[in-house]
Amino acid sequence: LTDHLTQALNRRGLDDAWTAARLQARRTGQALSIALLDVDDFKRLNDAFGHLAGDGALKHLARLLQSRLRPHDSVARWGGEEFVLLLPGSDVAAAVHVMRRLQRELTREAFLHENSQVFLTFSAGV
C-alpha cells in the first residue's frame, strides 16, 4: 500500500484511503478535498544532478508533506513526481490555503544534495 521510495501511499493505498474518506464525508456531511501536485522542472533536476538526487528530492517532499499535514490527511505518490493529497474536512478554500502553506514551507526546508541546496517548488490544483 506504500510507495517503496517515498513511503507515501501508492495508488492502491490511495484507492483505499479515497474510499474511506469518501464514505466518511457522506456519513458526516463534511467537505472532502483532493489536491494534485507536481514538482516543477523535475526533469531538469534529474538531468543536472542525477537520478539519485531526484529520488532524494521526492523523499524530501514526501516527508515534508506527511509531517505538515494532519494525521487523518493522506499523501500518495501518484506517479513520477506527482503526489495526491486527500484532505477530509477541508473545503476548497481551506485546501487551497493548505497547498499555499506547503509551497511556502518547501521553500524554507532546503533539500540538500551532496551538501548543496537544491531549490524545489511544486505546482498544485485542488
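In the predicted model, leucine 37 touches Leu61, Leu65, Glu81, Glu82, Phe83, Leu85, Met99, Phe122, Ser123 and Ala124, with residues up to four places away in sequence not counted. Leu37 is also listed, together with Leu61, Leu65, Phe83, Leu85 and Leu102, among the residues with the most contacts inside the largest nonpolar core, a set of 28 residues. Two or more residues of this core are contributed by each of strand 1, helix 2 (42–49), helix 3, strand 3 and helix 4. Helix 3 supplies the largest share, amounting to 7 residues. In soluble globular proteins, nonpolar side chains tend to be buried together.

The buried residues of helix 4 are Ala95, Val98, Met99, Leu102, Glu105 and Leu106. Because they cover an arc of only 125° around the axis, these residues lie on the same side of helix 4. An α-helix has 3.6 residues a turn, so residues three or four places apart point the same way. Ala93, Arg100 and Arg108, by contrast, are exposed on the other side of helix 4. The cover over the buried residues of the helix includes strand 1 (32–39), helix 3 (51–68), strand 3 (82–88) and strand 6 (122–125). At the start of helix 4, the backbone nitrogen of alanine 93 is approached to within 3.3 Å by a side-chain oxygen of aspartate 91.

Two polar residues with buried positions were also considered. Histidine 60, a residue of helix 3, counts as buried because its relative accessibility is 11%, under the 20% limit. A polar atom of the histidine 60 side chain lies 2.9 Å from the backbone oxygen of glutamate 109. Beyond residues up to four places away in sequence, histidine 60 touches Leu106, Glu109, Ala110, Phe111 and Leu120; of these, Leu106 is one of the buried residues of helix 4.

Arginine 77 is located in strand 2 (residues 74–79) and, at 16% relative accessibility, is likewise classed as buried. The side chain of arginine 77 reaches the backbone oxygen of glycine 80 at 2.9 Å. When neighbours within four places in sequence are left aside, arginine 77 is in contact with Asp3, Leu5, Thr6, Ala8, Leu9, Asn10, Arg11, Leu58, Glu82 and Phe83. Arginine 77 and leucine 14 are separated by 63 residues in sequence, while their C-alpha atoms are 8.5 Å apart in space.

Backbone geometry was noted at two loop positions. Aspartate 41, in the loop between strand 1 and helix 2, adopts a positive phi of about 55° although it is not a glycine. Aspartate 41 is exposed, with a relative accessible area of 51%. Asparagine 115 likewise is not a glycine and has a positive phi, of about 65°. Asparagine 115 belongs to the loop between strand 4 (111–113) and strand 5 (116–118), and its relative accessibility of 77% places it among the exposed residues.

Key:
Residues numbered from 1 in each chain as written. Predicted model: local features only at pLDDT ≥ 70, side-chain atom pairs only at ≥ 80, totals over all residues. Heavy atoms only, no water. Buried < 20%, exposed > 50% of the residue type's maximum accessible area, 1.4 Å probe, protein only. Helix = DSSP H or I, 4+ residues; strand = E, 2+ residues; numbered from the N terminus. Arc of directions from axis to C-beta. Contact = heavy atoms within 4.5 Å. Polar contact = N/O pair within 3.5 Å; in protein donor to acceptor, adjacent residues only side chain to side chain. Core = buried A, V, L, I, M, F, W, Y, C linked by side-chain atoms within 4.5 Å.
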